[in-house]
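Welcome, and please take a moment to turn the model around before reading on. The notes below are meant to be read with the structure open beside you.

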Amino acid sequence: MVTLAEVAQHAGVSASTVSYVLSGKRSISAGTRQRVEESIQVLGYHPNAGARALASSRSNIIALMIPLRTDMYVPVMMEIAIAVTTSARSHGYDVLLLTGEEGPDAVRRVTGSGLADAMILMDVELDDERLPLLRGTEQPSVLIGLPADTSGLTCVDLDFGATGALCAEHLAMLGHRDIAVIGEAPAVYERHTGFAERTLDGLRTRSRELGLRVLHRPCEGGFDAMSLTLARVFDERPGTTGFVVQNESAVEPLLALLRRQGRAVPEDVSVIAICPDQVAVQASVRLTSVAIPAQEMGRNAVEHLIAKLEGRGKDEVVLISPELTVRASTGPAPATS
């Protein structure tokens, strides 16, 4: 291990000068700073994390709270996590990943122990139990998600209300009048998870304005669950010709069951998915979809958090506008509907 003293000797300066270059606590001339930085690079010096934290009262770590629940689509969550990690690293921060379902206890653990300088929270519920603790601490935080009350918080998210409205508008434009929403697992709605509730609210509100009838059915995903859900939809609304799917694990079972019933997509039934582009383009029918901008959400959250850490950030809500890409799964409503 290369020591700070060895860097100082190589650069021809005192150890304290090297320390000041690393900490930024004192102004160092450009020439001296350059010599020290070149010595650090040549020798491969890495400051001791514990000593650096003691000297600066910073850990240079961001805590990312991302409960990995079985009822959530983990690949999207991990894509956001990777974007957070990559972006944080570009600013000199490492990421501490907290994947348990500890709720407020995890917030208390981070804020009380100095484990991290700041926090990013995911899987945000409308009335999230973690939020009073965030509002009561000076530690910077950003939510990837939108609670019911955003006061005193910084939130980054896809505009899921506008996403639902966009899906309704697309199907209405094609002449569909009876549409069904195949939603997330029931537990997601029981927790009042923000993204799912907001999508449904936006879709229902716009559908009323456009004269569409909407049937919402949560679904666990998988073939058996989707089979029961689809049977219920057509029993209750035999004239259903449009589907909006916000459940990645239900996409392929839905398409397979429609084929089995002799319903052609999009000639008889149109399908829109709210999902990553990869899921949409790799489905057995290339799906018209609204993409989940996972990387943009992760990067945006980190940029706002760094701004707060540097004393130039403010509490705000950043909603990313949805984009609908038309592919092979939507078309005009059948004339007999």
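This is a predicted model: local features need pLDDT of at least 70, side-chain atom pairs count only at pLDDT 80 or more; totals for chains, interfaces and linings use all residues.

**A pair of helices**

Two packed helices are described by the angle between their axes and the distance between the axes.

Which residues make up the meeting of α11 and α12? On the α11 side you will find Phe 223, Met 226, Ser 227, Leu 230 and Phe 234. Their partners on α12 are Ala 250, Pro 253, Leu 254, Ala 256, Leu 257, Leu 258 and Arg 260. Sorted by class, this contact has ten nonpolar residues, one polar residue and one charged residue.

**Cysteines without bonds**

How many disulfides does the structure hold? The count is zero. For Cys 219, the closest cysteine sulfur belongs to Cys 275, and at 15 Å it is too far for a bond. A disulfide would need the two sulfur atoms within 2.5 Å. Cys 275 is likewise in no disulfide; the nearest cysteine sulfur to it is that of Cys 167, 10 Å away.

Are these residues buried or exposed? Cys 219 counts as buried because its relative accessibility is 1%. Cys 275 also counts as buried, at 1% relative accessibility.

**Backbone details in the loops**

Most residues other than glycine have a negative phi, and most peptide bonds are trans.

Where does a cis peptide bond occur? One joins Val 265 and Pro 266, with omega about 10°. Pro 266 sits in the loop that runs between α12 and β9, the latter being residues 270–274.

Positive phi values turn up at Asp 123, where phi is near 55°, and at His 192, where phi is also near 55°. Asp 123 belongs to the loop between β3 (118–121) and α7 (131–135). His 192 is in the loop between α9 (186–190) and α10 (194–210). As for accessibility, Asp 123 counts as buried at 6%, whereas His 192 is partly exposed with a relative accessible area of 42%.

**Two helix residues**

Thr 163 is part of helix α8, residues 160–173. With a relative accessibility of 0%, Thr 163 counts as buried. What does Thr 163 touch, leaving aside residues up to four places away in sequence? Its contacts are Leu 158, Ile 274, Val 290 and Pro 322.

Glu 38 is placed in helix α3, residues 30–43. This residue is partly exposed, with a relative accessible area of 42%. Glu 38 and His 10 are separated by 28 residues in sequence, and their C-alpha atoms are 9.5 Å apart in space.

**Accessibility side by side**

Here are the values for single residues gathered in one place.

| Residue | Relative accessibility | Class |
|---|---|---|
| Thr 163 | 0% | buried |
| Cys 219 | 1% | buried |
| Cys 275 | 1% | buried |
| Asp 123 | 6% | buried |
| His 192 | 42% | partly exposed |
| Glu 38 | 42% | partly exposed |

Terms used: Residues are numbered from 1 along each chain as its sequence is written. Side-chain values use heavy atoms; hydrogens and water are left out. Helices (H or I, at least four residues) and strands (E, at least two) are DSSP runs, numbered from the N terminus. Buried means under 20% relative accessible area, exposed over 50%, partly exposed in between (1.4 Å probe, protein chains only). Contact means heavy atoms within 4.5 Å. Ala, Val, Leu, Ile, Met, Phe, Trp, Tyr, Cys and Pro count as nonpolar, Asp, Glu, Lys and Arg as charged, and the others, Gly among them, as polar.
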